[in-house]
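Biologist: I would like to learn how to read helix packing in a model. Could we work through a case together?

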Amino acid sequence: MPEHRAAPLRPALRATGLRKRFGDHQVLDGVDLEVAPGSVHALLGPNGAGKTTTVRIVCGLLRADEGRAEIAGHDVVAHSRAARGALGLSGQYAAVDEHLTGFENLHLLGRLYGMSRRRAAERAEELLDRFRLDDVAGRRAGLYSGGMRRRLDLAGALVARPQVVVLDEPTTGLDPRSRLDMWAVIEDLLLDGVAVLLTTQYLEEADRLADLITVIDRGVVIARGSAEELKERVQGATLALQVRDGAGLAHAARALGAVGLGEPWVDHRTGRASIATDRGPEVMAELLAHLARVEVELVDLGLHRSSLDDVFLALTGHGAETTTDGDPV
Amino acid sequence: MSTRTETRTDVTSEATLLAAGAETLRNGFVLTGRNMRHVARIPGRITTGLVQPVMFVVLFAFVFGGSLGGEDYRRFLMAGIFAQSMVFNASFTTVGLANDLQKGIVERFRSLPMSPLAVILGRTTSDMVVGVATLVVTALCGLAVGWRVEGSAADAALAFLVLVLFGFAMSWVGATVGVFARTVEVAQSAGLIWLFPLSLISTAFVSAENMPTPLREFAAWNPVSAVATSVRDLLGNPTPATLPQPDTWSLQHPTLYAVLSSLAVLAVFMPLVLARYKRLTRG
């Protein structure tokens with residue numbers, strides 16, 4: 001919106017000191033966020049980290065106990081209408097009306113944003129074209145595939161040309177092909193100068209899309225930076241092993257601790273353990289020497305450059321839970 | 001667009017309130033259109049809406065009618081069926097709202113710069129349209145079993161308005177049940193129980209004379225009784241001498257009491273629905 005270009009340095013979305021408690025459970029304990037126009041900020045964290053709570057507060061759907069959030073400079077509580085007018089939300093569950101056609105869904109939203117019938121129809125057509133839904137525009141959304149529904153839902157978030165788009169796990173449950181489509185669509189949004197806040201459990205998604213990544217765990221921000229910066233934080237490489245017999249895991253972990261940096265990460269269920277290291281392949285020989293003394297039988301041993309997964313493990317001490325609900329591509 | 005919303009922000013001047021009210025009505029109207037499409041598209045929805053009144057007329061007219069006075073009873077009966085169908089119409093509001101709440105669509109509505117009132121208003125208004133269609137079908141069935149409008153056209157129109165207002169009020173009760181039920185399953189079972197005592201513990205179909213005292217008192221002051229009596233009077237349909245009516249103020253002034261009680265129901269349930277809806281969607 002041109003009238004907001006007057007203050008170009010202002011972040012399109014800003015949240016400061018968000019705290020929220022549900023009963024005894026402190027879900028958010030002081031989360032800060034900023035999203036600049038034309039950029040993607042990914043909020044990364046395991047299930048229950050507070051991602052969705054953060055999104056709901058930022059969108060004015062939930063009141064924080066403390067802290068405040070602004071969208072396009074409007075406080076989401078005190079000036080909720082103005083804030084919502086600049087916001088497009090695409091939630092975790094595609095909020096499409098199954099009994100309406102794709103066109104009718106978007107037309108309805110246009111009308112509810114205050115557009116005339118004609119303007120709403122034009123905007124619906126534009127978005128259906130852009131999201132490659134024009135072929136199925138006249139079909140009821142209930143008959144759409146999962147990927148089509150997500151695209152329709154995202155199109156719905158864009159009806160009023162928002163300055164801020166919030167995407168809560170936009171690709172959860174999508175097949176790999178639909179996920180790639182969705183990524184292309186999100187990248188396309190940035191060309192319009194939209195500020196995107198994205199939550200995801202998929203590290204690959206954050207790596208691919210985000211300019212800035214905030215990792216939250218148990219309601220606290222534990223790291224922030226670009227994907228590259230975060231990867232550097234875990235000192236370049238990860239040394240990982242898997243033991244055949246669980247009994248040897250404690251020895252293996254001690255050996256890792258002796259050659260690597262910081263505390264090793266250990267998973268008793270799979271018999272895997274890993275640790276960050278800033279050294280080259282010679283570290284593997286040293287590790288094997290340690291292990292030879294305690295007779296631990298290895299299934300696997302490897303040294304690889306850190307991925308965001310490793311960052312995640314290093315930062316949170318547990319996985320991003322991608323493995324529990326399907327592989328991220 | 002954003003400049004307009006900025007000036008509108010939470011200022012409580014009269015003009016702003018008026019604009020907000022107009023906008024809520026407009027959005028309610030847009031959502032009414034959406035809900036009407038649902039009525040047309042959800043399988044069985046129209047059938048239920050239309051078969052139900054036919055069923056009530058046939059059941060009451062011929063199952064009870066024979067014992068209660070035949071032709072005379074059927075003339076008396078129709079006003080009661082009109083009133084009852086307005087009560088039962090509330091079930092559509094309950095289920096429709098619970099349905100929306102269960103799906104993500106309400107979350108989307110909540111993220112729009114739109115009053116939450118518009119969502120409920122759209123629901124109750126579309127159910128009012130359905131209610132009017134039900135009244136028409138019921139009237140046609142009534143004509144087929146020997147009922148006639150025996151008063152003036154103006155009075156008949158007034159009777160129709162009393163019914164529509166009452167139906168609208170009941171729809172807000174239905175909306176309240178819907179927002180408390182939250183899931184369609186609960187809405188469809190527990191949420192519909194109240195319809196039966198409310199419509200049957202009344203003078204809509206029988207005299208209250210032979211009811212135990214508490215039920216008789218309830219029947220006398222039940223808005224359903226007043227609506228049925230009002231409609232009966234306005235349509236000029238006589239009450240058979242075998243079905244004496246209670247002599248309470250409510251039934252001596254049935255039209256006034258019907259209107260007042262409908263407004264009272266709206267005054268109580270509108271804020272109740274809104275408060276609960278806001279709580280629900282704020283988490």
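Modeller: This is a predicted model. Begin with handedness: the crossing of α3(A) and α5(A) is right-handed.

Biologist: Which residues of α3(A) and α5(A) make the contact?

Modeller: From α3(A) come Gly102(A), Asn105(A), Leu106(A) and Leu109(A), and from α5(A) come Leu152(A), Ala155(A) and Gly156(A). By type, the residues of this contact are 4 nonpolar, 3 polar and no charged.

Biologist: At what angle do α3(A) and α5(A) pack?

Modeller: Helix α3 (residues 102-112) and helix α5 (residues 146-158), both of chain A, pack at about 25°, and their axes are 9 Å apart. Angles under 35 degrees count as roughly parallel, and α3(A) and α5(A) are therefore roughly parallel to each other.

Biologist: Which residues of α2(B) are buried, and what covers them?

Modeller: The buried ones are Asn27(B), Gly28(B), Val30(B), Leu31(B), Thr32(B), Arg34(B) and Asn35(B). Their cover includes α3 of chain A, as well as α4 (70-102) and α6 (116-144) of chain B.

Biologist: And how much of chain A is buried?

Modeller: Of its 329 residues, 49% count as buried. Chain A has 11 helices and 14 strands, and its C-alpha trace spans about 80 × 40 × 35 Å along the principal axes.

Methods: Residues numbered from 1 in each chain as written. Chains lettered and ligands numbered in written order. Predicted model: local features only at pLDDT ≥ 70, side-chain atom pairs only at ≥ 80, totals over all residues. Axes fitted to C-alpha atoms, helices over the stretch in contact; angles between N-to-C directions. Helix = DSSP H or I, 4+ residues; strand = E, 2+ residues; numbered from the N terminus. Parallel < 35°, antiparallel > 145°, perpendicular 65-115°, else oblique. Left-handed = near helix turned anticlockwise from the far one by under 90°. Contact = placed C-beta atoms within 7 Å. Nonpolar A, V, L, I, M, F, W, Y, C, P; charged D, E, K, R; others polar. Buried ≥ 20, exposed ≤ 12 C-beta atoms within 10 Å, placed from the backbone.
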